[in-house]
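Dear colleague,

Please read the notes alongside the coordinates.

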Amino acid sequence: MSSPAFINTAFLLRRIRDLRCLTPRRTRVKTKWATSLPRYPNTNMALQNFDAAYGLQLGRLWPSVRCGLLSQKKYGALLNNFCDHRAVVSDLQDQGCWDFVSATQPEDMVDSGETEKSHGGNQDSSPLSLSSDIKCFVFPRGDITTFKSARPDQLRLLSYYLLDAASVLPCLVLDVQEGHSVLDLCAAPGGKTIALLQTQAIRFLSVNDSSVSRTSRLKNVLHSFIPNHLLSTDRLRVTSLDGTQWAEFETNTYDRVLVDVPCTTDRHSATEEDNNIFSKIRTGERKRLPQLQTALLLAGIKAARPGGEVVYSTCSLSQLQNQYVVQQALQLARQEGIHLQVVSLQPLVHMLSGTFNFAPDLLLGEMVVPHLTANFGPIYMCKLRRLC
């Protein structure tokens with residue numbers, strides 16, 4: 001015979017239709033969200049695409065790169081030279097961090113003797129120089145310690161900007177010198193713009209992003225790191241124009257042009273469902289990326305003056321978005337009478353191979369690939385010098 005307690009419990013359970021009250025709040029599932037989740041996650045679609053494309057492209061390197069993509073990435077702390085950061089530097093050093101830029105020795109700037117294959121442009125293997133006064137602190141190789149959030153100083157400016165340390169490299173190789181005019185054609189969210197401003201050498205900086213909302217967020221980021229008196233001068237211009245049509249606005253103007261184009265943002269696509277370019281509704285946008293990237297790079301080339309330099313960069317491993325875009329832009333520029341020289345970045349690989357993992361045997365440019373011991377990137381970059 002069943003006990004009265006058992007009968008009462010069974011009766012109560014039959015009467016309670018919603019058992020969520022018996023489930024801890026932190027483990028409850030919201031029914032509305034659960035029924036609206038995609039049957040096939042965007043991240044799965046991205047990984048399926050990457051396995052097919054990058055498995056063939058990277059070969060035996062792909063499994064370790066894939067593991068890095070799916071693991072927590074490492075950050076770098078881009079130091080803000082507009083703050084009194086002596087105490088911050090001391091604190092970072094006490095934590096075991098070091099500035100990978102200033103640690104580079106002058107003799108490392110000499111070409112290692114390795115050469116790249118070049119298609120569509122002459123190869124320049126002269127010594128490489130880097131933008132001065134850009135400092136970025138990282139934890140040692142294999143150390144996955146995270147940085148603390150930066151605190152504002154007396155002027156309410158943050159002492160450092162946290163970003164993927166590899167994304168500083170395109171700004172370094174742009175080699176901004178005193179008195180240069182610079183165009184950042186696809187600037188949002190703003191990390192590379194802040195890095196360029198750290199040189200304090202730019203005579204005029206034009207910052208652009210085609211998205212009005214992203215430009216608004218970019219302005220907020222700038223106000224957190226750059227003094228107001230510098231933001232309000234005629235030395236800085238922020239616009240929200242279509243970068244592919246920049247030639248209708250300015251040509252043959254800038255000493256340096258950074259073209260950090262929209263791409264598949266491989267790490268985000270492999271790990272985040274939100275705003276994922278591999279969602280079905282963005283299929284057309286994703287397929288048009290190489291065309292958009294080529295148009296942006298060609299616009300950046302036209303914006304540079306003869307003798308000026310252009311750096312093209314993405315955060316994708318894709319050959320279609322990297323080397324092939326550069327090749328296509330070189331060909332189109334030549335058809336319009338613009339001749340370019342590819343600047344070898346092999347010295348950079350020689351200098352920083354202890355901090356970053358670089359992909360071997362690229363036809364054009366260099367690429368940082370993720371690795372568990374140095375989980376930065378992916379970042380692709382190629383430097384072009386306009387001859388005429």
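Leaving aside residues up to four places away in sequence, asparagine 375 touches Gly68, Ser71, Gln72, Lys73, Lys74, Arg267 and Pro370, where contact means heavy atoms within 4.5 Å. The model is predicted, so local features need pLDDT of at least 70 and side-chain atom pairs count only at pLDDT 80 or more, while totals for chains, interfaces and linings use all residues. Residues are numbered from 1 along each chain as its sequence is written, and side-chain values use heavy atoms, with hydrogens and water left out.

Asparagine 375 sits in the loop between β12 (366-368) and β13 (379-386), with helices (H or I, at least four residues) and strands (E, at least two) taken as DSSP runs numbered from the N terminus. Asparagine 375 counts as buried because its relative accessibility is 2% (buried means under 20% relative accessible area, exposed over 50%, and partly exposed in between, with a 1.4 Å probe and protein chains only). The side chain of asparagine 375 also makes a polar contact of 3.0 Å with that of arginine 267 (a pair of N or O atoms within 3.5 Å; within protein, one must be able to donate a hydrogen and the other to accept it, and residues adjacent in sequence count only if both atoms are side-chain atoms).

Turning to charged pairs, the count comes to eleven salt bridges, each being a side-chain nitrogen of Lys or Arg within 4 Å of a carboxyl oxygen of Asp or Glu. One of them joins lysine 192 to aspartate 260, with the closest N and O atoms 3.3 Å apart. This pair links distant parts of the chain, since lysine 192 belongs to helix α7 (residues 191-197) and aspartate 260 to strand β9 (residues 254-260), 68 residues apart. Both lysine 192 and aspartate 260 are buried, whereas arginine 86 and aspartate 84, which meet in a salt bridge at 2.9 Å, N to O, are both exposed.

As for the cysteines, the structure holds zero disulfides, a disulfide being a pair of cysteine sulfur atoms within 2.5 Å. The sulfur of cysteine 263 has its closest cysteine sulfur in cysteine 315, but at 3.3 Å this is too far for a bond. Cysteine 263 is buried, with a relative accessible area of 7%, and cysteine 171 is likewise buried, at 0% relative accessibility.
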